[in-house]
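Q: I would like to learn how to read a protein model, feature by feature. Where do we begin?

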Amino acid sequence: METADRASHAPVVVAIDGPSGSGKSTVSRAVAARLGLSFLDTGAMYRAMTWWMLANDVDVDDADAVAIACTKPVIVSGTDADGPTITVDGQDVSGPIRGPEVTAKVSAVAAVPAVRSRLVELQRGCAEVAERGIVAEGRDMGSVVFPTATVKVFLTASEAARAERRAAELRAKGLDEATITAMAADLARRDAADSSRETAPLTQAPDAVLVDTSTLTLEQVIDRITGLVEERARLFTV
């Protein structure tokens with residue numbers, strides 16, 4: 001009984017992967033909040049690295065230059081699901097990293113092995129200090145970063161559904177229609193770049209549960225994933 005009790009309170013790792021616009025961030029934050037877990041937006045870390053490169057005039061299309069520079073910025077991710085933060089060298093960059101300049105270049109920076117190696121180390125460090133466990137979302141959480149995660153989920157949705165969601169998000173932020181159209185159209189390019197890169201491509205881990213969110217409500221997706229955690233980790237009661 002004592003052994004079972006210890007197991008029931010062991011930290012869990014919920015790895016949620018998927019393409020842009022599949023709802024990873026919203027779903028992951030909601031799952032973490034409902035279960036009382038930490039939350040890690042790994043995409044924000046790659047965006048923060050890209051923002052720093054652009055701000056410091058590093059040629060992001062030069063993989064060697066990016067590899068040399070990627071050890072310099074101090075990137076810190078706050079893991080509170082109710083208010084996640086991201087800072088670079090002590091500066092809050094949660095707003096700037098979502099701009100079109102960063103969006104256009106983040107796939108190139110993320111493809112550099114040295115960048116991924118450094119950020120994977122930071123990501124695993126965040127999980128190690130998460131007392132109850134963590135929900136980590138990104139492109140390679142289940143396949144590379146957390147290969148022994150308690151629960152692995154691959155979120156997807158039709159290209160039309162993802163483009164519509166992204167456009168709605170951008171409108172809510174007050175962006176003009178021309179920018180919205182350009183950024184929504186960029187989804188296919190980013191999917192292709194992320195899926196075809198040599199290092200840690202976007203892919204569904206063999207043991208991940210596929211969840212197509214095209215016709216599901218947010219609440220239905222959250223219920224599905226929290227149910228998986230409750231079933232496999234035996235940590236929480238319904």
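## Reading the fold, step by step

A: Begin with the contacts in this predicted model. In the protein chain, 77% of the contacts with a separation of 6 or more join residues 24 or more positions apart.

Q: Which secondary structure elements make up the protein chain?
A: The protein chain holds 10 helices and eight strands.

Q: How do I check the length of a helix, say helix 10?
A: Count 1.5 Å a residue and compare the result with the distance between the end C-alpha atoms. Helix 10 covers residues 218–233, 16 residues in total, so it should span 22 Å. Its end C-alpha atoms are 22 Å apart, which agrees.

Q: Which residues of helix 10 are buried?
A: Start with the general idea. An α-helix has 3.6 residues a turn, so residues three or four places apart point the same way. In helix 10, the buried residues are Val221, Ile222, Ile225, Thr226, Leu228, Val229, Glu230 and Ala233.

Q: Which residues touch the most other members of the largest nonpolar core?
A: In soluble globular proteins, nonpolar side chains tend to be buried together. Here the largest nonpolar core has 38 residues, and Met49, Met53, Val115 and Phe146 touch the most other members. Elements that give two or more residues to this core include strand 1, helix 4 (63–69), helix 5 (100–110) and helix 6 (113–128). Helix 3 gives the most, with eight residues. Apart from this core lies another, of 22 residues, among them Ile16, Val27, Ala81 and Val153.

Q: Where is Met49, and is it buried or exposed?
A: Met49 is found in helix 3. Its relative accessibility is 0%, so Met49 counts as buried.

Q: What is Met49 in contact with, beyond its neighbours within four places in sequence?
A: Met49 is in contact with Cys70, Pro73, Ile75, Val109, Val115, Arg118 and Leu119. Take Ile75: 26 residues separate it from Met49 along the chain, yet the two C-alpha atoms are 7.6 Å apart.

Q: What does Phe146 contact, on the same terms?
A: Leaving aside neighbours within four places in sequence, Phe146 is in contact with Val13, Gln123, Arg124, Ala127, Ala136, Met141 and Lys152.

Q: Is Val106 buried or exposed?
A: Val106 has a relative accessible area of 5%, so it is buried. This residue is found in helix 5. Beyond neighbours within four places in sequence, Val106 is in contact with Tyr46, Arg47, Thr50 and Arg190. Val106 and Val60 are 46 residues apart in sequence, and their C-alpha atoms are 8.7 Å apart in space.

Q: Which residues does the UniProt annotation "binding site" cover?
A: An annotation comes from a record, so read it beside the geometry. The unreviewed UniProt entry gives "binding site" for Gly18, Pro19, Ser20, Gly21, Ser22, Gly23, Lys24, Ser25 and Thr26. From this set, the lining of the largest pocket takes in Pro19, Ser20, Gly21, Ser22, Gly23, Lys24, Ser25 and Thr26.

Q: Where is Lys24, and is it buried or exposed?
A: Lys24 lies in helix 2. At 7% relative accessibility, Lys24 counts as buried. Leaving aside neighbours within four places in sequence, its contacts are Ile16, Asp17, Gly18, Pro19, Glu137, Gly138, Arg139 and Leu155.

Q: What is the phi of Asp57, and where does Asp57 lie?
A: Most residues other than glycine have a negative phi. Asp57 has a positive phi of about 60° although it is not a glycine. Asp57 lies in the loop between helix 3 and helix 4. With a relative accessible area of 73%, Asp57 is exposed.

Q: What is the phi of Asp89?
A: Asp89 has a positive phi, near 55°. It is found in the loop between strand 4 and strand 5 (91–92). At 46% relative accessibility, Asp89 counts as partly exposed.

Key: Residues numbered from 1 in each chain as written. Predicted model: local features only at pLDDT ≥ 70, side-chain atom pairs only at ≥ 80, totals over all residues. Heavy atoms only, no water. Helix = DSSP H or I, 4+ residues; strand = E, 2+ residues; numbered from the N terminus. Contact = heavy atoms within 4.5 Å. Expected span 1.5 Å × (residues − 1). Buried < 20%, exposed > 50% of the residue type's maximum accessible area, 1.4 Å probe, protein only. Core = buried A, V, L, I, M, F, W, Y, C linked by side-chain atoms within 4.5 Å. 1 Å grid on protein atoms, 1.4 Å probe; cavity = no way out; pocket = protein on both sides within 12 Å on 5 of 7 lines; lining within 4 Å.
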